[in-house]
Amino acid sequence: MSKTLKRHSNHEKGGKRIQYTTNPNGAPASRSNNLTQSIPTNGIITIVNSDLEDTMDLDISQLKVNEQLKRKYRTLLKNKGILEFLVMFIAPIMSKQQVYQMLINLGYNHPPSKYKSVSIKKLVKILADFIINDESLKLTLPVISFGPRYTVDKFLSDLTLCSRILIVTGAGISTSLGIPDFRSFSGLYAQLDHLRLEDPQHAFNFKIFNRNPQIFFSIAHLILPPDGKVSITHDFMKVLQSKNKLLKNYTQNIDNLEVKAGITTDKLVQCHGSFASARCLSCFTKYPGSKIYSHIQQKIVPRCFNCYNRVKLNDEVSVNYGVIKPDITFFGEDLPKLYYKSIKQDISQCDMIIVIGTSLKVEPVASIVDRVAKKVPKILINRDAIPDRDFDLTFLGDCDNVTSYISQRLGSGWKIPNERYNPQQKLTCEVTDLDENIYRVSSP
Ligand code: OAD
């Protein structure tokens, strides 16, 4: 699979697309091989094949109650009770839209404006809460438990016990060094208006690069890695490595700073390549990345000497002839082979996954967390929450602060070897959303 923008549905696994069948009224979905198929529904609901998926740009506010379904759902609820009802209808493969439609069909009111920002897990909980609090149903309620909360203390204790931690990183771990991220308000893509691209991501599009390499080379200097320094978060990963706890770091970053921090090659997968090497697009000669740094700084397209030696006067060559491209994975290109070679095994082996400093907008890296077993703790450390992915615990804030906080809490054996790390720095960790288990770490 080549690098693509995030698909809004998580229904694709292992390259195979799974089709869902659904009733347009929001009846439960069932997995099928593109054929109409029904699941046991007491004959009440007919499942027909439609391609309703979360990818659809559905106007949630336009959804209407289906009165017939409403009566049937409510009768079932009264007769069978909430547990049997939920087991019957909330299939594990049900989409968020379908859960929402069920909520509407039951006659409950959830602001459509909030639809996008709630995860499917939260939506099911909202649905259950509506049913539980619905006095007209007169239900005798079983105690519904969504499992114990994964606390900060439990996470810290797990960190000391885990030995195969998978860390997925993005641009946020390098912003403290002055490298912009991509999608933030002041990120790289917000600085590319002058290029007048239809989409700023086209600056990293392989087809467009081949047609006009100057576009990329006019902006690449903005993300060139600085000399020498790495962030506290890079060094935090190094601490995990030296404690034999790091299974692997899958980084989307192209600054190669993980290597500078001392993450060894057997522990590192640079999912989108890096500036560390480059190659000629025509003869494929490999160059050290540093060979073209000065071109990048001067916004000049670097050309391969071998190729241009062969060109004779008056020869016509294509615009990308002999262009040396850094080994960065552009949109439309395949990820490095190492990614595909190792990801499946690492996903199955990890005993914790920590995602740091990424918006999780680019596939296939964005979906790694969804592929990790349910029992494995999933932690997010980021400035912004990512509501459409399921994390057991989220730390909002600057990742250097969060990793410093973690290190402080774990004691002197976890000191981060970085000149900016201050074991005395005053840091607070406060809950901001108990339902979603989100904490904010900040320095007052
Ligand atoms: P994004 O810019 O999409 O996301 C960066 C995330 O990091 C955002 O959610 C920020 O809120 C967060 N962030 C920024 N600074 C932070 C800090 N100091 N502490 C904590 N969080 C912080 O970048 P990526 O997710 O890495 O492809 O983008 C993925 C890919 O998209 C990149 O690899 C790049 C781009 O197209 C290329 O190959 C160039």
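Trainee: How do the lining residues of the second largest pocket divide into nonpolar, polar and charged?
Mentor: They split into 12 nonpolar, 7 polar and 7 charged, with Ala, Val, Leu, Ile, Met, Phe, Trp, Tyr, Cys and Pro counted as nonpolar, Asp, Glu, Lys and Arg as charged, and the others, Gly among them, as polar. This is a predicted model, where local features need pLDDT of at least 70, side-chain atom pairs count only at pLDDT 80 or more, and totals for chains, interfaces and linings use all residues. Residues are numbered from 1 along each chain as its sequence is written, and side-chain values use heavy atoms, leaving out hydrogens and water.

Trainee: Which element gives the largest share of that lining?
Mentor: Strand β9 does, with 5 residues; helices (H or I, at least four residues) and strands (E, at least two) are DSSP runs, numbered from the N terminus.

Trainee: Switching to α4, which of its residues are buried?
Mentor: K122, L123, V124, I126, L127, A128 and I131, where buried means under 20% relative accessible area with a 1.4 Å probe, protein chains only.

Trainee: And what do they pack against?
Mentor: Their partners are α1 (67–80), α2 (82–89), α3 (96–105) and β16 (428–433), with contact meaning heavy atoms within 4.5 Å.

Trainee: How confident is the prediction on average?
Mentor: The chain averages a pLDDT of 85, and 85% of the residues score at least 70; pLDDT is the predictor's confidence in each residue, from 0 to 100.

Trainee: Where does pLDDT stay under 50?
Mentor: Over residues 7–56, for which the model has 107 contacts beyond four places in sequence.

Conventions. Buried < 20%, exposed > 50% of the residue type's maximum accessible area, 1.4 Å probe, protein only.
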